[in-house]
Amino acid sequence: MRWSIINFGTAILASLPTVFAADSAVWQDSETGFTFSQYAAAYAIGKSLTFRIAVPSTATSSAAYDAVLQISAPLEVGWTGLAWGGTMVTNPLTVAWANGNSAVATVRWATGHVTPNIYSGAQIQVLRTGTHTNGTHWQVTLKCTGCTSFTGSSGKVTILNPNGANRLAFAYSRTKPSNPSSSSSSFGVHEVTNYWSHDFSSAGNANFAALVTKNS
Ligand code: HEM
Ligand SMILES: *[C@@H]1O[C@H](CO)[C@@H](O)[C@H](O)[C@H]1NC(C)=O
């Protein structure tokens with residue numbers, strides 16, 4: 001599959017036809033002002049969820065950094081989650097769903113292929129601007145502190161590379177959480193999961209902190 005080609009880096013990416021570059025396309029969000037690197041994850045034939053990531057342009061691989069995540073989902077999506085370490089187990093899982101005209105998000109942590117627990121190592125701030133529902137989609141824009149770095153079961157610390165590609169994963173369920181207004185709601189298992197390589201090097205924002213404040 002073409003996904004593996006992305007791992008060779010931007011030098012090769014730049015020489016590929018635009019159909020390949022589109023997998024890690026840059027998205028300028030006029031509503032919030034963030035520059036995002038985005039990926040459209042197919043959850044059914046002809047249907048996709050869009051995951052957009054913005055990071056501070058000053059971020060390095062040697063220190064923890066915040067990220068802004070924007071998810072745009074068709075209304076039929078009951079919940080969706082982003083696995084920052086590219087697997088279900090032992091990494092922050094940012095899970096979000098629609099709640100009326102707004103959205104709710106939470107970070108969970110799985111120690112196996114069972115219902116993940118609430119993860120206290122990360123904090124979410126849902127941004128007012130960029131979080132809404134219309135006739136076809138719900139969208140959430142959030143800042144996460146603690147999603148881009150985490151400590152695995154062996155004690156190994158992982159910091160996602162802000163200047164390159166990272167393997168991410170998502171999960172999709174058509175069924176809404178049982179108590180959508182609560183970020184600690186339980187939810188059922190997904191119907192679809194998949195992985196991709198997400199380019200963080202095009203997700204840098206020089207005015208990251210100011211944009212978070214402006215959109216809060
Ligand atoms: C009620 C909650 C959940 C249950 C019961 C559950 C259960 C499972 C099970 C049984 C599998 C293995 C499927 C197989 O091998 O065919 C799996 C895989 C997977 N799940 Fe979950 N899951 C839950 C929530 C989540 C969440 C919130 C995410 C967030 C992104 C997630 C991401 C994944 C991914 C990426 C896989 C693929 C295999 C892997 O990376 O380990 N899951 N899950
Ligand atoms: C509805 O919201 C989605 C996600 O924010 C957006 O992509 C789409 O353009 C919106 N549709 C209309 C008609 O505004």
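**A walk through the predicted model**

Cys147 is buried, with a relative accessible area of 0%, where buried stands for under 20% relative accessible area, exposed for over 50% and partly exposed for values in between, using a 1.4 Å probe and protein chains only. This is a predicted model, in which local features need pLDDT of at least 70 and side-chain atom pairs count only at pLDDT 80 or more, while totals for chains, interfaces and linings use all residues. Residues are numbered from 1 along each chain as its sequence is written, chains are lettered from A and ligands numbered from 1 in the order in which they are written, and side-chain values use heavy atoms, with hydrogens and water left out.

Cys147 is joined to Cys144 by a disulfide with an S to S distance of 2.0 Å, a disulfide being a pair of cysteine sulfur atoms within 2.5 Å. The link of Cys144 and Cys147 is right-handed, with 80° about the S-S bond, and Cys144 is buried as well, at a relative accessible area of 1%. A search of the whole structure finds 1 disulfide.

Taken as a whole, the protein has 3 helices and 16 strands; these are DSSP runs numbered from the N terminus, helices being H or I over at least four residues and strands being E over at least two. Of the 216 residues in the protein, 47% are buried. Among contacts (heavy atoms within 4.5 Å) between residues at least 6 apart in sequence, 59% join residues at least 24 apart.

An open sheet is formed by 6 strands in the order S8-S7-S6-S5-S14-S15, with antiparallel pairing, where two strands pair if DSSP finds at least two bridges between them. Its edge strands, S8 (117-118) and S15 (192-199), each pair on one side only. Within this sheet, S5 (residues 79-83) and S14 (residues 165-173) pair in the antiparallel sense over 5 bridges, and the bridge partner of Leu82 in S14 is Phe170.

The iron atom of ligand 1 has Met88 (SD) and His190 (NE2) as its protein donors, lying 2.0 to 2.1 Å from it, where donors are N, O and S atoms within 2.8 Å of the metal (3.2 Å for Na, K and Ca) and sites may look incomplete, as water is not among the atoms. This pair links distant parts of the chain, with Met88 in the loop between S5 and strand S6 (93-99) and His190 in the loop between S14 and S15, 102 residues apart. His190 is partly exposed, with a relative accessible area of 26%.

The loop between S5 and S6 also holds Thr90, which is partly exposed at 21% relative accessibility. Most residues other than glycine have a negative phi, whereas phi of Thr90 is positive, near 65°.

Elsewhere, strand S1 (residues 25-28) runs antiparallel to strand S2 (residues 35-44), to which 4 bridges join it, and Trp27 stands opposite Phe36 in S2. The hairpin of S1 and S2 has 6 residues between the strands, and in this hairpin Gly33 takes a positive phi near 90°. Strand S2 also contains Gln38, which is buried at a relative accessible area of 16%; the C-alpha atoms of Gln38 and Thr50 are separated by 6.7 Å, and these residues are 12 apart along the chain.
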